[in-house]
Structures are given as C-alpha cells and as structure tokens.
Amino acid sequence: VRVWNVWPTTNVSLPNNSNVTGSAWFSPYSGCVSLSNGGNYGVCITGNGGQSWTPSFTGDPRAIRTIRNGGAYSWIAGAQGLLCRSGNTGGAWQPYNLGIGIDINSLSFSDDGNYGWLAGTGGTICRYASNTWTPCPGIPTNYNFNAIYGRSDWGYAVGSGGTGGIICRYTGGNWVGVPGSFPVLYGTYFLNATTEIGRAHV
C-alpha cells in the first residue's frame with residue numbers, strides 16, 4: 001500500500017498566495033505547475049522534486065486552466081484560446097494560434113505525444129496529430145467541455161450541455177453523445193477504450 005505524504009510547506013518556495021491550478025511531471029523530480037495569483041497567471045518549474053521552484057514566464061496574460069505533458073513536450077491551455085508548448089520542461093513557451101477565442105479547459109495526450117486532444121467551451125474539441133491541431137466538426141455549440149481523456153483513436157469528453165451533464169465518445173472518427181442522464185461532470189479518466197473502465201467526479 002502506497003501512502004501520500006504532505007510536503008512540508010516550509011520547503012516549498014512557490015510565490016506567495018498562489019493557487020496551483022494544475023501540474024505535469026516528466027519524472028518524480030522534474031515537472032511544472034500552473035499558478036493563479038489574483039489576476040496574474042504563470043508557471044513554475046522544479047528539478048528537485050518540489051523542494052524549490054523557478055518561475056517560467058509564458059509571455060501571455062490569459063488565465064491558464066490546464067497543463068499536461070505529451071511525449072517530449074509540456075502544454076498549457078486556458079482562457080480565450082490560450083495554447084502554448086514547451087520543449088524544455090517548461091523553461092520557455094511557444095504560442096499556438098488556433099484562431100478561436102473559446103476557453104480551453106482540458107488537454108490529453110498519448111504517452112509518446114504524437115496524438116492529443118483539447119476540449120473547451122462552445123462545443124470545441126480539437127485533435128492533435130502530425131504537429132497540427134484540427135477542430136472536430138458536428139458537436140453542438142451549447143456543449144461546454146470540462147475534461148477530456150483519450151489516445152490516438154478513442155477518447156471521452158465530459159461537461160455540461162442543455163439542462164444537465166454530457167458525456168461524448170470518439171468512435172469511428174466522430175464524436176457522439178453517450179445516451180443517458182448525467183450530472184455536470186468535471187473530470188474523467190479511462191484505463192482503456194475496450195472495457196471502458198473509468199471514473200468521473202462531480
């Protein structure tokens with residue numbers, strides 16, 4: 001049985017009064033976290049398992065809503081179409097212009113980073129392949145996605161739409177709604193697409 005230990009706060013040098021909004025790790029010692037501090041947003045990186053943190057400036061004032069690793073890259077995404085990629089564990093960030101102003105709430109990547117998904121408001125899901133993000137058509141614009149999880153040929157996205165929650169599944173090259181009545185969901189994770197074992201929290 002593995003046990004979670006709370007890191008002593010006296011050893012953590014994150015900026016004062018910052019809220020951690022997400023984290024992404026390359027190893028038990030190397031990773032980065034996204035932060036919010038009032039109306040300011042940024043990233044801090046560590047190479048010693050969180051004993052000390054170094055600010056990494058994205059050069060973008062928009063709110064960071066999610067951070068994920070995919071292969072050799074780290075990605076951040078957020079408000080009004082914010083999307084940036086880092087190839088040096090968060091040391092510097094390259095902006096991506098999707099040409100859309102929606103809020104991106106979630107990212108998911110294959111282990112090798114060759115495939116990925118992003119999801120957000122206004123029925124927006126985009127697929128990442130061959131270094132390109134492509135919008136997925138046919139999704140109702142009143143769907144607002146809070147989380148997405150998937151691999152190259154399958155995926156699930158959850159959120160709100162209409163009067164309740166929604167679950168959508170990527171199958172046969174298209175995103176389709178899963179029949180049923182659901183609460184508004186904010187997270188999802190699947191072990192694999194065949195058995196569809198997963199979890200979601202409200």
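Trainee: Leaving aside its neighbours within four places in sequence, which residues is Ser 30 in contact with?

Mentor: Ser 30 is in contact with Trp 25, Thr 46, Gly 47 and Thr 89, contact meaning heavy atoms within 4.5 Å. This is a predicted model, in which local features need pLDDT of at least 70, side-chain atom pairs count only at pLDDT 80 or more, and totals for chains, interfaces and linings use all residues. Residues are numbered from 1 along each chain as its sequence is written, and side-chain values use heavy atoms, with hydrogens and water left out.

Trainee: Is Ser 30 buried or exposed?

Mentor: Ser 30 counts as buried, because its relative accessibility is 19%; buried means under 20% relative accessible area, with a 1.4 Å probe and protein chains only.

Trainee: And where is Ser 30 placed?

Mentor: Ser 30 is in the loop between β1 (19-25) and β2 (31-37). Strands are DSSP runs of E, at least two residues, numbered from the N terminus.

Trainee: Turning to the sheets, what is the order of the open sheet of 4 strands?

Mentor: The order is β5-β6-β7-β8, with antiparallel pairing; two strands pair if DSSP finds at least two bridges between them. β5 and β8 (94-95) stand at the edges with a single partner strand each, so one side of each has no neighbour in the sheet.

Trainee: Over how many bridges do β6 and β7 pair?

Mentor: Strand β6 (residues 73-78) and strand β7 (residues 83-86) pair over 4 bridges. Ile 76 stands opposite Cys 84 in β7.

Terms used:
Buried < 20%, exposed > 50% of the residue type's maximum accessible area, 1.4 Å probe, protein only.
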